[in-house]
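This report covers helix packing and salt bridges. The structure comes first, then the terms and the findings.

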Amino acid sequence: MTEAAELPPAPEVAREVFGDRFGDAVRYAELLAEAGVQRGLIGPREVPRLWERHILNCAVLSEVVPEGVTVCDVGSGAGLPGIPLALVREDLKITLLEPLLRRTNFLTEVVELLGLDHVTVVRGRAEEVMGTLQPVHVVTARAVAPLDRLAAWGVPLLRPYGEMLALKGDAAEEELKSAATALSKLGAVSTSILHVGEGVVDPLSTVVRVEVGESPGGVRFAAKRAKAARTGRVRRRR
């Protein structure tokens, strides 16, 4: 059996980023390096670069998330970017959406251990939870799928005039161009590429922002959303 890689100490900048939650950020890193690797949520080769490549890379997403909004982290996996975002921003109401049981078990354990009262873990696929999950202001995602597919899952979960923030790599611009038609059909009214994390991560984290109009998901999802709303009203009356 290969010996597990050692988690390096937290970089000094992490203290500034996480503030009072720095100790919880360290505990999260330890959980990723131990249980996360054991359960196959993080590859053992990622342990030496957990802080820069994963935790801080996700935490800086907070720079572009508005204050006091609701967030759904689609395909949350090991909690990236949702958990680092929650540690930095206690003003947010965050849902970690993940279909796999072993991952939701891990996420639930992390949320309880770190006392993240503003975070909820939901097991399910994005396309399955429409109507049961309240539409959110912001959808986040990281390394889930190509942008066109990701948008098809995430955009319909948004409130009117909400936005999807997807952490992407060097191919972000190319992905955005390829997904242009699909995004338009899904009700996107504006797209942009942002670079965040100045003074924290190098290279900067790349974020694709997709802003929607009054019909998130486009015409295709309008009827579905209306039906889900009617079903919800009937359930509440019973």
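## Basis

Buried means under 20% relative accessible area, exposed over 50%, and partly exposed in between (1.4 Å probe, protein chains only). This is a predicted model: local features need pLDDT of at least 70, side-chain atom pairs count only at pLDDT 80 or more, and totals for chains, interfaces and linings use all residues. Residues are numbered from 1 along each chain as its sequence is written, and side-chain values use heavy atoms, with hydrogens and water left out.

## Salt bridges

The structure holds 11 salt bridges (a side-chain nitrogen of Lys or Arg within 4 Å of a carboxyl oxygen of Asp or Glu). One of them joins E163 to R209, with the closest N and O atoms 2.7 Å apart. This pair links distant parts of the chain: E163 lies in strand β5 (residues 158-168) and R209 in strand β7 (residues 205-212), 46 residues apart. Strands are DSSP runs of E, at least two residues; helices are runs of H or I, at least four; both are numbered from the N terminus. E163 is buried at 10% relative accessibility. R209 is buried too, at 18%.

R53 and E46 also pair, at 3.4 Å, N to O. Here R53 is partly exposed at 43%, whereas E46 is buried at 16%.

## Within helix α2

R27 and E30 meet in a salt bridge at 3.3 Å, N to O. They sit three residues apart in helix α2, so about one helical turn separates them. R27 is partly exposed at 32%, as is E30 at 29%.

A network of salt bridges links R21, D24 and E90.
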